[in-house]
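Subject: Structure handover

Hello,

Here is the structure for you to take over. My notes on what was found follow below it.

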Amino acid sequence: MTPQIALTLTILAFAVILLIFERLRPDLVALLVLLSLVFARLVTPTEALSGFSNPAVVTVWAMFILSAGLARTGVANLIGRGIMRLGGQRESRIMLVLMLICAGLSAFMNSTGLVAMFLPVVNHIARKRKISASMLLMPVAVGALLGGTTTLISSPPNILVSNALAEFNGQSFAFFDFLRVGILVVIVGIAFMVIFGRGLLPAQTGHKDLADAGEVFGLEERLFSLRIPEGSLLAGHRLSESRLGSALKLNVIGITSRGRTALAPGPNTQLHSGDELLVLGKSDWLEDMVQGQHLILEASNGDRKREGPDVSQLISPQIVLIEVSIPQGSELIGSSLAQANFRKQYRANVLAIWRGEKPVRTNFQDIVLKHGDRLLVQASRSQVNKLSGLKDFVVTSNDAVKLYQLEDRLLRMAVPASSRLVGKSLADSELADAFGLSVLGIIRKGKTRLMPRPGEKLQGDDQLVVEGKLEDVQVLRALQSLEVTEGKAPVLRELESEEIGLVEAVISPHSTLANKNLRDLKFREKYGLNVLAVWRGGRAFRSNLREMPLHHGDSLLIYGDRNHIKLLADEGQFLVLSQDIQEAPKKDKAFLAGVIMAAVVASVALGWLHIEIAAIAGAALMVVTHCLNMEEAQKSIQWPAIFLIAGMLPLGIALQNSGTSDFLGAEVFGNAGLWSTTLLLAVLFLISNLSAQVVPPPIVAVIVSSIVLNGAAGLAASPQALLITVALGAATPLLTPIGHPANLLIMGPGGYRALDFLKVGLPLTLFILAVTVVAVPFFWPL
């Protein structure tokens with residue numbers, strides 16, 4: 001093994017590890033691989049950038065636009081009506097028609113976009129035919145992936161192996177070469193799903209219908225009513241100031257005030273004495289709050305009779321207060337204190353933020369920091385020295401404390417021995433998150449502990465030095481006076497109207513919101529919508545949703561103004577599973593879009609144009625003929641996928657230049673001359689297919705193709721047969737939900753677990769393997 005081979009394998013190994021464990025975005029990993037290859041001198045700068053002009057990459061992005069043109073002109077709606085007519089009432093017949101249509105369309109459209117297009121269609125069919133959506137959604141995804149094996153443009157692995165073949169011997173696959181084996185894969189796959197697969201699908205766990213959302217998500221048992229009593233301190237406050245969500249984990253669904261009911265009230269809705277609130281949540285949170293006094297206000301500087309703590313109580317020989325500013329280039333810019341996990345990261349408390357001409361002294365944890373912001377920080381002297389050496393801060397003053405007027409916000413509160421807070425840690429008490437009360441010190445048995453750790457357990461008779469607003473303490477008392485009203489709670493569907501709707505939405509496969517929580521996203525403030533529940537891994541989550549990181553495959557139950565829901569759908573970060581919300585299709589352009597797609601296919605099949613030129617021409621015609629506007633065309637391109645492929649193609653060049661392909665080919669296929677044709681193809685298929693379950697299929701196609709072509713030279717085997725097998729394996733990752741974005745899209749709406757994909761995918765993959773090892777050598781003898 002030469003040093004170049006060892007270095008190439010090291011870069012490859014790190015790339016695969018990063019892709020599997022998802023520590024970084026796949027497209028970023030690809031760019032890091034590209035740079036690593038250049039710095040290691042395994043490829044030239046020209047070779048490193050060649051992926052961006054590679055015909056395969058150009059074809060892929062152009063196909064995204066062509067697929068979007070078919071979707072935007074209403075192909076899905078037309079097909080949905082056709083399915084209803086052809087499928088009749090029988091579940092098996094509807095499944096058959098759905099899979100045939102999805103497989104047929106997937107031959108010419110991007111599989112992920114196709115499944116996204118069909119989600120609301122399938123939900124509509126399931127509701128009309130009273131079939132569990134879980135019986136139809138996985139067949140749709142399977143049909144789309146099976147159809148990806150049939151033509152040159154049906155999946156990125158097909159395009160990439162054809163490109164690899166052209167670079168290897170100057171030949172490339174014809175448009176319908178893949179159809180010879182692909183059509184058999186489609187027939188066998190659909191037959192398996194209709195005959196055997198139906199029995200493996202989780203008919204009872206999927207979503208039956210949003211009309212049954214209360215039952216499916218278990219929400220109606222969480223619906224109850226509260227009354228604001230006369231003289232309550234909540235009267236006159238806005239809903240956002242009531243702390244009902246942060247403290248009691250309650251979602252306010254409706255407010256009946258003075259005889260009029262407002263559904264999905266906004267954060268600025270004003271509360272009044274006598275209002276009845278219809279809320280969604282756990283009543284035991286309220287019961288726990290009502291029972292006894294949990295905190296007693298002992299002193300406040302806003303109360304002349306009971307003078308509160310002094311700023312001097314926040315410092316000691318070890319603890320100081322300093323002011324720091326956020327300089328240009330600080331990593332804190334664009335993040336809030338909560339997002340930056342400031343307390344843990346820097347071992348310091350932020351007591352206030354100075355922005356503009358005034359300080360912000362409470363409820364600043366979610367404020368996004370800007371260049372020039374000044375923070376009043378409480379920290380140990382040793383930590384201050386460390387902070388001054390960081391590029392994220394500039395120490396500006398040690399004497400600016402008076403400007404912040406902290407005394408107005410300092411309170412002293414006592415923890416009674418009977419309080420529910422006794423025995424809880426500061427973090428679990430949620431005083432900061434729920435009420436905006438920051439505990440700066442604990443006075444226990446006459447001794448003051450400044451900057452207590454989040455894990456510090458509270459004890460009876462503790463006195464807390466707290467930074468907060470007196471009004472927030474009053475809100476805490478007001479919550480204890482809320483009254484649970486008797487009466488039957490309404491059915492969830494009764495809470496809809498012409499203006500207010502209830503919809504299900506999933507995170508788009510290429511959304512940037514994954515791993516962020518609703519609090520960080522300011523979801524309620526940004527969209528004016530409530531998330532009532534999240535479906536993940538076969539179960540519904542209904543509590544503490546603000547802090548729950550969103551994952552691809554999650555399904556969100558969203559409630560609110562229909563205009564706001566439409567804005568959410570238009571943004572593209574979420575796919576709303578309701579045909580009523582979808583933008584009206586350009587039906588008058590549907591025929592024209594079909595003609596453009598047919599012309600692209602015909603020009604390539606007849607050899608008139610290269611695939612990449614035909615695809616660009618088709619994409620341009622979609623815009624010129626107004627099937628799409630330019631903005632829609634640009635948005636349709638899945639740029640992360642493009643950067644992923646373009647960034648990893650130089651790795652294939654490096655595998656060739658360094659001799660790594662020859663080395664791996666000899667290692668893997670050294671004894672392949674003694675293997676039977678069946679064993680050789682089976683090994684190739686399994687390597688490609690199992691790799692594609694955890695590594696993006698285009699990357700599998702690039703890497704395995706490079707290795708296989710060098711192995712084929714030693715075996716004198718047909719490169720076409722080997723590459724077709726690689727493409728078939730990489731294009732059908734059916735065993736895991738993370739194998740393909742189409743799998744993630746259906747996971748939440750179908751109520752599937754990872755085990756469901758394995759139960760259906762394993763036998764189906766074995767059937768596809770059997771078809772491959774029999775059919776490939778028949779059409780391309782080895």
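Leu464 lies in strand β14, which covers residues 463–467; helices (H or I, at least four residues) and strands (E, at least two) are DSSP runs, numbered from the N terminus. This is a predicted model, in which local features need pLDDT of at least 70 and side-chain atom pairs count only at pLDDT 80 or more, while totals for chains, interfaces and linings use all residues. Residues are numbered from 1 along each chain as its sequence is written, and side-chain values use heavy atoms, with hydrogens and water left out.

Leu464 and its surroundings

With a relative accessible area of 0%, Leu464 is buried (buried means under 20% relative accessible area, exposed over 50%, partly exposed in between, with a 1.4 Å probe and protein chains only). Setting aside residues up to four places away in sequence, Leu464 is in contact with Leu295, Leu411, Arg412, Met413, Val415, Leu431, Val439, Gly441, Ile442 and Leu458; contact means heavy atoms within 4.5 Å.

Leu295 is one of these partners. The two leucines, Leu464 and Leu295, are 169 residues apart in sequence, and their C-alpha atoms are 9.4 Å apart. Leu295 sits in the loop between α13 (283–290) and β5 (296–300) and is also buried, at 9% relative accessible area. Beyond its neighbours within four places in sequence, Leu295 touches Met413, Ala414, Val415, Pro416, Leu421, Leu431, Leu464 and Leu476. Met413, Val415 and Leu431 are therefore in contact with both Leu295 and Leu464.

Arg41 is in the loop between α2 (26–39) and α3 (45–49) and is exposed, with a relative accessible area of 78%. Gln405 belongs to the loop between β10 (394–397) and β11 (410–414); at 44% relative accessible area, Gln405 is partly exposed.

Cysteines

How many disulfides are there? The count is zero, where a disulfide is a pair of cysteine sulfur atoms within 2.5 Å. Among the cysteines, Cys102 is buried at 0% relative accessible area, and Cys627 is buried at 0% as well.

The whole protein

The protein has 32 helices and 20 strands. Its C-alpha trace spans about 95 × 65 × 50 Å along the principal axes.

Of the 782 residues, 55% count as buried. Among contacts with a separation of 6 or more, 79% are between residues 24 or more positions apart. The accessible surface is about 33,400 Å², and carbon and sulfur atoms hold 56% of this area; the areas come from the Shrake-Rupley method with a 1.4 Å probe, and for residues only the protein chains shown count as cover.

The protein has 69 positive and 63 negative charges, and their mean positions are 1 Å apart. Lys and Arg count as positive and Asp and Glu as negative, with His and the chain ends not counted; each charge is placed at NZ of Lys, CZ of Arg, CG of Asp or CD of Glu.

Regards
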